[in-house]
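Welcome! Take a look at the structure below, and then we will walk through a few of its parts together.

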Amino acid sequence: MVQKFPTTRLRRNRYDDATRRLVAEHKLSTDDLIWPIFIKSGTGAPEPINAMPGVSRTTLENLPRHVELAATLKIPAIALFPATPPDLKNAEGTEALNPENLLCQATRILKREFPHIAIVGDVALDPYTNHGHDGVLRDGYVANDETLEILVKQAVNQANAGVDIIAPSDMMDGRIAALRAGLDASGHIHTRLMSYAAKYASAFYGPFRDAIGSGGALKGDKKTYQMNPANAEEALHEVAMDIDEGADMIMVKPGMPYLDIIHRVKQRFQVPVFAYQVSGEYSMIMAAVNNGWMDHDRAVLESLLSFKRAGCSGILTYFAVTAARLLQTS
Ligand code: PBG
């Protein structure tokens, strides 16, 4: 395509709002949003999370009122993250298998009150282990195959409680095949698998670990299972294997620093791709906004639109409710 100035003036299509809307290539919609929610046990008011201004841990009692915000705005899905009380954590993360754990209780409450909102359940052991790792440690190493067996039980436990979409974030090898087989064997053939296929060992999870209270506990780092930020080819390999093993949806995480990965995955594979705009990305934007350095509404919508441009079907974002409100009025 060669078009010469002055016959061609690309600014013509930017001349007014009507024309700009007509030629827009991508669009963010409320249908694209998944809202991650932090939950804690007990009653009373939500507890603010220092590192994430505007985000709080919601008690079970307050949960329906909280999720009502998403329901009213017709946000299609929420993702639940439990802040497990320290006395329920142990080396094997057994609380993950308790049918009465926080996540299962929350799911049952929400499925009763809001049957049309899809619940995404994170599968990994870090909210439940006292060492903060996503699996069980053997000689200081997260043991892959033993962890798989526990993750399958964790997923079935969540599906039994009513979780619609199982989202393994643990990065163990072979988990998608194991989870699909385990869910099918227990009758959950419709439970969807959204794989955190390309999940990087990232500094941008910092505020999240504070939010669920696993940060202080984490011994070492997660580099033996989460991906090296230097690698892109390897992400395609991870995604190929997960699709082969039966993943229904693929996720790339973090989001904004990895838009290139999203784009490459979408070009190569014909599957729905999601991004997780993680805690650190949220906090970064909020920090700038709270210092008066950026416009909140524009920064939020622009950051989310970038995921659509890169090829995402949807985005997990702490801005989901804010964005849905903005989309209603824009
Ligand atoms: C845990 C998990 C993490 C996040 C989602 N699931 C943190 C980690 O891997 O340490 C991060 C989400 C965020 O930062 O917003 N398996």
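## Helix H3

Helix H3 covers residues 102-113, and its 12 residues reach 17 Å from the first C-alpha to the last, close to the 16 Å expected at 1.5 Å a residue. That expected span is 1.5 Å times one less than the number of residues. Helices (H or I, at least four residues) and strands (E, at least two) are DSSP runs numbered from the N terminus.

This is a predicted model, where local features need pLDDT of at least 70, side-chain atom pairs count only at pLDDT 80 or more, and totals for chains, interfaces and linings use all residues. Residues are numbered from 1 along each chain as its sequence is written, and side-chain values use heavy atoms, leaving out hydrogens and water.

Buried (under 20% relative accessible area, 1.4 Å probe, protein chains only) describes Leu102, Leu103, Cys104, Ala106, Thr107, Ile109 and Leu110 in H3. The buried residues of H3 pack against strand S1 (33-40), helix H2 (63-73), strand S4 (77-82), S5 and helix H4 (144-161).

## Asp134 in its loop

Asp134 sits in the loop between strand S5 (118-123) and strand S6 (137-138). Asp134 is buried, with a relative accessible area of 0%. Beyond its neighbours within four places in sequence, Asp134 is in contact (heavy atoms within 4.5 Å) with residues including Ala124, Thr147, Ser169, Lys199 and Tyr225.

## Helices H10 and H11

Helix H10 (residues 296-310) and helix H11 (residues 320-329) pack at an angle of about 100 degrees, their axes (lines fitted to C-alpha atoms over the stretch in contact) being 10 Å apart. H10 and H11 are therefore roughly perpendicular (65 to 115 degrees).

Note on methods: Axes are lines fitted to C-alpha atoms, for helices over the stretch in contact, and angles run from 0 to 180 degrees between N-to-C directions. Angles under 35 degrees count as roughly parallel, over 145 as roughly antiparallel, 65 to 115 as roughly perpendicular and the rest as oblique. Buried means under 20% relative accessible area, exposed over 50%, partly exposed in between (1.4 Å probe, protein chains only).
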